[in-house]
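Colleague: I have not looked at this one before, so could you walk me through it? I will ask things as they come up.
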Amino acid sequence: MPTPSARRALDDIPVYRPGKPAESDELKLSSNENPYPPLPGVMEKATEALGRVNRYPDAGVADLYAALARTYGLPQERFAASTGSVAVLFSLLTAFCEQGDEIIYAWRSFEAYPIGADLTGARTIRVPLRPDATHDLDAMAAAVTEHTRVVIVCTPNNPTGPVATHAELERFVEAVPDDVIIVVDEAYVEFVRQDDAASGLALADHENVIVLRTFSKAFGLAGLRVGYAIAAPSVAESIRKAIAPFSVTDVAQAAAVASLDATDALAERVETIVAERARVLAALRDQGWDVPDSQANFVWLPLGDDSLDFAAACDPVSVRPFAGDGVRVTIGDPDVNDRFLDVAERWLK
Ligand code: PMP
């Protein structure tokens with residue numbers, strides 16, 4: 001009996017298999033989440049919106065686009081929002097790529113890129129990171145061909161942590177043809193403190209540069225799923241066309257808008273995480289670890305073949321191993337970070 005078969009593009013996409021759940025939220029340093037509860041004002045606004053979930057959400061996401069336009073001083077036409085910046089990226093790739101096209105990204109980088117890219121049926125080209133775990137933007141520019149539609153730059157890079165420099169990104173934007181989309185994924189931008197770090201936003205006047213940002217990390221709304229692109233109006237419009245209707249719920253929208261208003265509390269929390277990141281990085285280096293810089297809310301241990309064993313040794317603290325490559329550890333509460341640091345110290349002995 002013939003059975004329905006999915007597109008061949010799906011063949012290499014792994015089925016999601018949940019790992020062992022963390023014993024508690026505090027012990028979960030595996031998903032780059034924010035350890036803090038929602039920002040002031042968020043619960044009230046979200047709860048209000050919860051009272052009318054018998055209604056469909058606002059399909060035009062009007063409040064959020066208005067709030068983003070105010071925040072950035074840009075016209076609303078330049079934004080496209082969906083259920084997390086991953087969903088925005090998938091819609092963008094769907095809108096611009098098909099079989100016969102090429103999509104370039106660095107590797108190792110964010111795990112969702114291969115899924116979104118493969119779904120389109122396009123060919124993907126992975127350009128290895130440099131030994132210091134940074135993007136090799138010159139090599140990525142050199143990999144562009146007449147078939148290339150999209151190049152993704154993740155800065156800070158998940159899971160390794162460093163940023164591209166602004167000079168490097170500028171040179172890259174100059175080198176890549178104007179009809180190739182450059183996605184600058186800035187999911188962790190609020191945590192960046194390096195003076196010469198790349199800013200996708202500063203280059204977003206180029207019509208082929210698209211910046212991705214999210215409420216999931218610094219703003220602490222990972223569970224509500226809101227992210228957005230900042231793009232040229234025509235590009236933003238194409239992305240919005242490819243987003244499933246009613247993706248952003250009114251609860252998520254209300255929470256996101258309220259979060260944008262809580263600038264002082266946000267700055268304070270981000271500063272605490274940045275300081276804790278510096279403490280964890282310094283402690284690891286004191287212990288003798290050779291770890292790359294991180295400008296995000298996690299650190300990277302290049303453990304190679306020991307990655308899975310190290311993650312097991314961290315139990316019950318839950319960290320994220322990438323088999324054969326390394327382990328990513330989110331900056332959490334100081335006492336949980338200390339438990340991870342204890343394991344790291346014993347590991348080297
Ligand atoms: N980009 C990068 C580099 C990420 O690490 C993440 C979250 N893991 C995202 C995008 C997506 O975040 P979200 O879909 O929650 O907005």
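Colleague: Is Lys28 buried, partly exposed or exposed, and what is its relative accessible area?

Modeller: This is a predicted model, and in it Lys28 has a relative accessible area of 27%, so it counts as partly exposed.

Colleague: Which residue does Lys28 form a salt bridge with?

Modeller: Lys28 forms a salt bridge with Glu33, and the closest N and O atoms of the pair are 2.8 Å apart. Glu33 is partly exposed as well, because its relative accessible area is 29%.

Colleague: How many salt bridges are there by this rule?

Modeller: The count comes to 15 salt bridges, taking a side-chain nitrogen of Lys or Arg within 4 Å of a carboxyl oxygen of Asp or Glu as the criterion. One of them is between the side chains of Arg279 and Asp338, at 2.9 Å from N to O. Arg279 belongs to helix H9 (residues 263–287) and Asp338 to helix H11 (residues 334–348), so this pair ties together parts that are 59 residues apart in sequence.

Colleague: What about Glu345, which side chain does it meet in a salt bridge?

Modeller: The side chain of Glu345 meets that of Lys349, with 3.8 Å from N to O. Here Glu345 is partly exposed, with a relative accessible area of 34%, whereas Lys349 is exposed, with a relative accessible area of 78%. There is also a network in which salt bridges that share partners join Arg108, Glu111, Arg320 and Asp325.

Colleague: Now strand E10, how many of its residues are buried?

Modeller: In strand E10 (residues 326–330), 5 of the 5 residues are buried, so the strand is largely enclosed by the rest of the structure.

Colleague: Which way does strand E8 run relative to E10, parallel or antiparallel?

Modeller: Strand E8 (residues 298–301) and E10 run antiparallel and are joined by 4 bridges, with Leu301 standing opposite Val327 in E10. Strand E9 (residues 320–322) is also antiparallel to E10, joined to it by 3 bridges, and there Pro321 stands opposite Val327. The hairpin of E9 and E10 has 3 residues between the strands, and in it Gly324 takes a positive phi near 80 degrees.

Colleague: What about strand E4, how many of its residues are buried?

Modeller: For strand E4 (residues 148–154), 6 of the 7 residues are buried, so this strand too is largely enclosed by the rest of the structure. Strand E2 (residues 102–107) runs parallel to E4 and is joined to it by 4 bridges, and the bridge partner of Tyr105 in E4 is Ile152. E4 also pairs in the parallel sense with strand E5 (residues 181–185), over 5 bridges, where Cys154 stands opposite Asp185.

Colleague: Which peptide bonds are cis?

Modeller: The peptide bond from Thr155 to Pro156 is cis, with omega near -5 degrees, and Pro156 lies in the loop between E4 and H6. A cis peptide bond also joins Asp315 and Pro316, with omega about 10 degrees, and Pro316 is found in the loop between helix H10 (307–314) and E9.

Colleague: Last one, which residues have a positive phi although they are not glycines?

Modeller: Val61 is one of these, with a positive phi of about 45 degrees, and it lies in the loop between helix H1 (42–50) and H2. Val61 is buried, because its relative accessible area is 7%. Phe246 also has a positive phi, of about 65 degrees, and it lies in the loop between helix H7 (233–242) and helix H8 (250–261). Phe246 is partly exposed, with a relative accessible area of 38%.

Conventions:
Residues numbered from 1 in each chain as written. Predicted model: local features only at pLDDT ≥ 70, side-chain atom pairs only at ≥ 80, totals over all residues. Heavy atoms only, no water. Buried < 20%, exposed > 50% of the residue type's maximum accessible area, 1.4 Å probe, protein only. Helix = DSSP H or I, 4+ residues; strand = E, 2+ residues; numbered from the N terminus. Pairing = 2+ DSSP bridges.
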